[in-house]
Amino acid sequence: SLTRGPERSEGRQSLTSGARRASGGARPRVLEILTCLEPGGAEAMVLDLARGLTRHADVAVAYLKGPGTLTPAFRRAGIPVHALGIEGLRDAAGLWRLLDLVASGRFDVVHTHLLHAGILGRAAARLARVPVIVHTQHNTLHWETTSPLLARANRATLGFADRVIAVGETVAEMTALHGRVPRERIATIPNGVDVHRFVPADARGFLAKSFGVPPDAPLVGVVAGFRRVKGHDVLLPAIEEVARAIPGLRLLLVGDGPLRGAVEREIAARGLSERTILAGMRTDVEAIVPGCDVIALPSREEGVPVSVLEAMACGVPVVATRVGGTPEVLADGRTGLLVPPEDPRALAAALLRLLRRPEEARAMGKHGRERVLERFSIGEMIARTWALYETLLAESRERRGWHVRD
């Protein structure tokens, strides 16, 4: 094995011994591969998915780069984590570590997530002759086409996947169009949220203690990385307008990213510093969201936004842009309000409506939780993903005469 360090060897040994203990080696071995393990929508979904899959299979996780903030959460669930330390597509040693892990782990299913992990993970799985390769498409692929090289590599390696899971119907359509994946190879499995973790609660005491938010201050929350696609530059002029009408307003920004410095400068330039809290990257979002009066998501592109699902599960109304798969989740006028992208005035008007009409906002929050319970539970997502694995494993055995590896 070329994997390095105690973390990697510990994970490898744990996976192998677990597989041997499981009914004579009959439990499938599954590897989930991500680009990074920092708090985010896709990463949260994989954490919940991996936890659920451990009932059926021996599951491991690998990530290409970054500090791996979520690693302890996976390990608490007994899931081995492999940090590959891949510095880029030209990092030959890192790429060899990935191939070595996939080949020597003798996995039955390799499931990739996000662009770079998808390209490299699917290629490694194909080279290692893994019986089943699955990819989840978490976004609409629009932005990926801005790089011709990545778009070509993505399309080529998507062809290695036995199925591509789309997190919503819009994502499925865009995957077929931009990824050139035949529709019969696309399975639509909506994102889900843990409705036992994300619940309505009185969180104002926590927010007052943690961030100094006055208990009676109207509070708009945003849970999103500081990237252009998330639209913070659209949010801030809208908040400036809302603040003129509601002087006590507070804005709570949860997340981090490459544009944090630019966002901080814009906050200062608009005179919003005293009313804005920069909470940074958090792993306790479920303790923060219930204390907000409204959650905003002014994105330019989305797949099926996890932050919207989490807010709805917490009974908090949402104002979001009508992009990607967001309208599949948010029922306009019932669980929140949809506004056009790139429109600060429309965003401000929607926020003012909900902040000024608390009874309407509460009703939307109530309907939002009911909608999540009905359509977007994490249990349903896990069950459908496992059923897909079983189907593909059966097809693989029939097609190649292989059995689940022992």
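Where is the place of Glu-342 in this protein chain? Glu-342 belongs to the loop between S13 and helix H14 (344-356).

## Basis of the report

This is a predicted model, in which local features need pLDDT of at least 70, side-chain atom pairs count only at pLDDT 80 or more, and totals for chains, interfaces and linings use all residues. Residues are numbered from 1 along each chain as its sequence is written, and side-chain values use heavy atoms, with hydrogens and water left out.

## Overall form

The protein chain contains 16 helices and 13 strands. Both kinds of element are DSSP runs numbered from the N terminus; helices (H or I) have at least four residues and strands (E) at least two. The radius of gyration is 22 Å, close to the 22 Å that the globule rule gives for 406 residues, so the chain is as compact as a globular protein of that length. This radius is taken over C-alpha atoms, and the globule rule is 2.2 Å times the number of residues to the power 0.38. Along the principal axes, the C-alpha atoms fill a box of roughly 70 × 40 × 40 Å.

Of the contacts with a separation of 6 or more, 70% join residues 24 or more positions apart; a contact means heavy atoms within 4.5 Å.

## Surface and charge

Buried residues form 57% of the 406 residues in the chain. The term buried means under 20% relative accessible area, exposed means over 50%, and partly exposed lies in between (1.4 Å probe, protein chains only). The chain exposes about 16,800 Å², of which carbon and sulfur atoms supply 52%. Accessible areas come from the Shrake-Rupley method with a 1.4 Å probe, and for residues only the protein chains shown count as cover.

There are 54 positive and 45 negative side chains, and the centres of the two sets lie 4 Å apart. Lys and Arg count as positive and Asp and Glu as negative, while His and the chain ends are not counted. The place of a charge is taken as NZ of Lys, CZ of Arg, CG of Asp or CD of Glu.

## Nonpolar cores

In soluble globular proteins, nonpolar side chains tend to be buried together. A nonpolar core is a set of buried Ala, Val, Leu, Ile, Met, Phe, Trp, Tyr and Cys residues joined through side-chain atoms within 4.5 Å. The largest such core here has 93 residues, and those touching the most other members are Leu-31, Ile-33, Val-102, Leu-252, Val-319 and Leu-351. Another core, of 34 residues, lies apart from it and includes Leu-37, Leu-47, Ile-79 and Val-134.

## Residues in strands

Thr-112 is part of strand S4 (residues 109-113) and is buried, with a relative accessible area of 0%. Beyond neighbours within four places in sequence, Thr-112 has contacts that include Ile-33, Val-134 and Thr-136. The C-alpha atoms of Thr-112 and Thr-136 are separated by 6.4 Å, although the two residues are 24 residues apart along the chain.

Ala-187, in strand S7 (residues 186-188), counts as buried at 19% relative accessibility. Leaving aside neighbours within four places in sequence, Ala-187 is in contact with Val-164, Ile-165, Ala-166 and Leu-388. Between the C-alpha atoms of Ala-187 and Val-164, 23 residues apart along the chain, the separation is 6.2 Å.

## Residues in loops

Thr-335 occupies the loop between helix H13 (326-329) and strand S13 (336-339), where it is buried, with a relative accessible area of 1%. His-56, in the loop between helix H2 (41-53) and strand S2 (58-63), is partly exposed at 28%. Not counting residues up to four places away in sequence, His-56 touches Arg-27, Pro-28 and Trp-386.

Gly-159 is in the loop between helix H6 (148-158) and strand S6 (163-166) and is partly exposed, at 43%. Gly-159 and Glu-274 are 115 residues apart in sequence and 51 Å apart in space, C-alpha to C-alpha.

## Positive phi values

Most residues other than glycine have a negative phi. Arg-129 has a positive phi, near 55°; this residue is in the loop between helix H5 (115-127) and strand S5 (132-137) and counts as exposed at 56% relative accessibility. Glu-342 also has a positive phi, near 60°, and counts as partly exposed at 46% relative accessibility.
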